[in-house]
Amino acid sequence: MKPQTNCKALVLPDYHQPLELREFNIPEVEDGGLIVKIDRATICGTDHHITQGVLAPISKTPCILGHEMVGIIEAQGKGREVDVAGTPLAIGDRVIWAYAYCGRCYYCAVAMQPTLCTNFTPYGYADATIHPHIIGGFSQYNYILPNCHVVRVPDEVPSHWASSASCALRTIMHATDRLGGIRPSDTVVVQGSGPVGLYGVAVSRAIGAKHVINFGAPAERLAVAKSFGAEQVAHIETTDNAERLAMVMDLTDGRGADVVLECSGSHFAQEEAFNIVRPGGRIAVIGAGDPKPMAVPGMSFIGKQVMVTGIRSAGIQYYREALDFLARQKNNFDFDLMFGDTYSLAEIPEAMEKMARLEEIKPIVDPFK
Ligand SMILES: [Zn+2]
Ligand SMILES: [Zn+2]
């Protein structure tokens, strides 16, 4: 069969503009690169933020949206015979990959924090007018650049799960590591019950936290949080700050949470994190998108000696951990509770609207539907 030479992709022409289906050429693969056919993509809340210009000027337009996806290798450049862990790669294998970090800037080479790279190509918000153009998951094909690290997807992990590993779950893996891990005596509060928050609950439970609490909405998502191991949940619309604080204090002998994973992106939740964390506790701010700044008095940092870290994306080690987690935990968690319907490229705007109305948690995209 003659290889496909062009493909369809969903483009954001400019911020606040409607998404458009456009046709792209599939370029020849260069040494170290890969051409993949997108098997499944999934939609992230950040996709909506990108359409609103929240990530500008890091994001560019026009861009092919979508940064959670799984590709099936169709063409393999010379020198790309194994993945990042040394697992052989062959035509037909499924892979996920990190953004193309340059490896040479201060943040890549000296600080060893490639997610802060000053010269990177992000999938899902890169300039689609620049070669090789097909850099974004809401497309039938993608070009994996030579400086992208790649992980082969284990056979037992379905593509839609692996797709969500490439943003939602790898971000949680990055967060728990940056916080110094979660320990057996830790009480973890996860704020937010979207996909990142729900994965936060599952990971905290699986790696052995003593108590896991979830704050979020609506009720159906809190039910998923419970099934993922949250012992207590609080609906943010029917409880107030004092009630949620009391819930945390009751479980922790009046000390507060050892770890707070802020996954909602709301400045109210970010402020609340400082109230519910114990003195000396740790907070990861993972949610983004609220234009309002959080108002936290300096004494909340000093008086409580809190450790706070922001989490931006993740390096490839966390993609690999995320896939290992899904493969290992597939019988312990019904991850499919998080996933919704499967949409075509043209139906993505409808799926994004359903997400905004909280009718979908994690919609799936089949670009060949
Ligand atoms: Zn994302
Ligand atoms: Zn760099």
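**Close-up views of a predicted model**

**View 1. Contact between helices H6 and H7.** Asn 241, Arg 244, Leu 245 and Val 248 of H6 meet Glu 272, Asn 275 and Ile 276 of H7, two residues being in contact if their C-beta atoms, placed from the backbone, lie within 7 Å. The residues of this contact divide into 3 nonpolar, 2 polar and 2 charged; Ala, Val, Leu, Ile, Met, Phe, Trp, Tyr, Cys and Pro count as nonpolar, Asp, Glu, Lys and Arg as charged, and the others, Gly among them, as polar. This is a predicted model, in which local features need pLDDT of at least 70 and side-chain atom pairs count only at pLDDT 80 or more, whereas totals for chains, interfaces and linings use all residues. Residues are numbered from 1 along each chain as its sequence is written, while chains are lettered from A and ligands numbered from 1 in the order in which they are written. Helices (H or I, at least four residues) and strands (E, at least two) are DSSP runs, numbered from the N terminus. The axes of H6 (residues 241-251) and H7 (residues 267-276) come within 10 Å and cross at roughly 40°. Axes are lines fitted to C-alpha atoms, for helices over the stretch in contact, and angles run from 0 to 180 degrees between N-to-C directions. H6 and H7 are therefore oblique to each other, given that angles under 35 degrees count as roughly parallel, over 145 as roughly antiparallel, 65 to 115 as roughly perpendicular and the rest as oblique. The crossing of H6 with H7 is right-handed; a crossing is left-handed if the near helix is turned anticlockwise from the far one by less than a right angle, and right-handed if clockwise.

**View 2. Packing of helix H3 against helix H9.** H3 (residues 159-178) and H9 (residues 316-329) pack with their axes 8 Å apart, at an angle of about 115°. The two helices H3 and H9 are therefore roughly perpendicular to each other, and their crossing is right-handed. H3 contributes Trp 161, Ala 162, Ala 165, Ser 166, Leu 169, Arg 170, Met 173 and His 174 to the contact, and H9 contributes Tyr 318, Tyr 319, Glu 321, Ala 322, Leu 323, Phe 325 and Leu 326. By class, the residues of the H3 contact with H9 comprise 11 nonpolar, 2 polar and 2 charged.

**View 3. The two sides of helix H5.** Arg 221, Leu 222, Val 224 and Ala 225 are buried in H5 (residues 219-227). A residue is buried if 20 or more other C-beta atoms lie within 10 Å of its own, exposed if 12 or fewer, and partly exposed in between, with C-beta atoms placed from the backbone. The buried residues of H5 pack against helix H4 (195-206), strand E10 (211-216) and strand E11 (232-235). Ala 219 and Glu 220, on the other side of H5, are exposed. Gly 229, with a positive phi near 110°, follows H5.

View 4. Met 112 lies in the loop between H2 and E7 and has a positive phi near 55°, although it is a residue other than glycine. Met 112 counts as exposed, with 9 C-beta neighbours inside 10 Å. His 133 belongs to the loop between H2 and E7 and has a positive phi of about 70° although it is not a glycine. His 133, in contrast, is buried, with 22 other C-beta atoms within 10 Å. Thr 115 is found in the loop between helix H2 (106-110) and strand E7 (141-144); with 18 C-beta neighbours inside 10 Å, Thr 115 counts as partly exposed. Thr 115 and Ser 313 are 198 residues apart along the chain, yet their C-alpha atoms are separated by 6.2 Å. Not counting residues up to four places away in sequence, Thr 115 touches Arg 312, Ser 313, Ala 314 and Gly 315.

View 5. The peptide bond from Ala 56 to Pro 57 is cis, with omega near 5°, and Pro 57 lies in the loop between helix H1 (45-51) and strand E4 (63-64). The bond from Thr 61 to Pro 62 is a cis peptide bond with omega near -5°; Pro 62 is found in the loop between H1 and E4.
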